Amino acid sequence: MDIFTKLLKQIEQFQSADIITIVDSPKEDQLGQMLAISNSGEIDGMLVNMEFTSQIVNEIASLNWQHPKIIETEYFGQYRLFWDRLSTRRRALVLGAGHISQPLVELLHQIDYAVTVIDDRPDFANIAFFPKAERVICENFNVALNQIDCRVYSAIIIVTRGHRYDLDCLHSVLHYQVPYLGMIGSRRRVSGIMDRLAKEGIAEETLSRLRAPIGLDIGAETPAEIALSIVAEVLATIRYGTCLSLSGIRR
């Protein structure tokens, strides 16, 4: 089975894959060589030789995906590689299955996110409660987050029922450089959590990636309105939106 046939098969199975292509090299016959790395770690194709391929696989593994990019590297000459990711849908991870999570998952689904929900309460963490979720995991947050690959998500949203669970989730996901990482909570609750994480030695740069409290200031009050403000912020982040009124921008 050639590399393109395998990629088509992965699309059918809603899987993602990193695709790396040589776009500039010392030798013209190496241009266009392609490597595909599935989210399960399966590798197809080869770049130059096994040694260079292994070097690139390790480099990709050490980086966090955010958007397509050019990678420049040395290997008996200068190489430029185009790194793209095959993904049929953007993915969001919602941690917590409370009253805000329901409209949140519905809205994320409507803008074509494949949503995974995690919570440890069987009465909430089930597909009947979240019919639009792609996956619902009823498990302890620490256990569940150790079993999934958080790198595939472009948005991680923490909306748990309490301070202790927020910390559990943050300890697991803070080091992932996902495009959107947010946590709900009052300013007092957020401040307390940030102070505690700083005392644990977590770098300020890492903490600064966390959006908390989450959502845009649209005067939201109800769970559905709060969910709307969160989804608007998620969308603005990935689309580089200004979050300003269009009527104000046009004046």
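1. A word on the model: it is predicted, with local features needing pLDDT of at least 70 and side-chain atom pairs pLDDT 80 or more, while totals for chains, interfaces and linings use all residues. Residues are numbered from 1 along each chain as its sequence is written, and side-chain values use heavy atoms, leaving out hydrogens and water.

2. The whole structure holds 6 aromatic pairs (Phe, Tyr or six-membered Trp rings with centres within 6.5 Å; planes under 30 degrees apart are stacked, over 60 edge-to-face, the rest tilted). Phe52 and Tyr79 make a tilted one, 4.8 Å centre to centre with 35° between the planes. Phe52 sits in helix α2 (residues 50-62) and Tyr79 in strand β5 (residues 78-86), so this pair ties together parts 27 residues apart in sequence (helices, H or I of at least four residues, and strands, E of at least two, are DSSP runs numbered from the N terminus). Phe52 is buried at 0%, and Tyr79 is buried at 3%. Phe129 and Phe130 pair too: their ring centres are 5.4 Å apart and their planes at 80°, so the pair is edge-to-face.

3. Do also look at the aromatic cluster formed by Phe52, Tyr75, Phe76 and Tyr79.

4. Finally, visit helix α3 (residues 101-110), where Ser101, Pro103, Leu104, Val105 and Leu108 are buried. Just after α3, Asp112 takes a positive phi of about 75°.

Conventions
Buried < 20%, exposed > 50% of the residue type's maximum accessible area, 1.4 Å probe, protein only.
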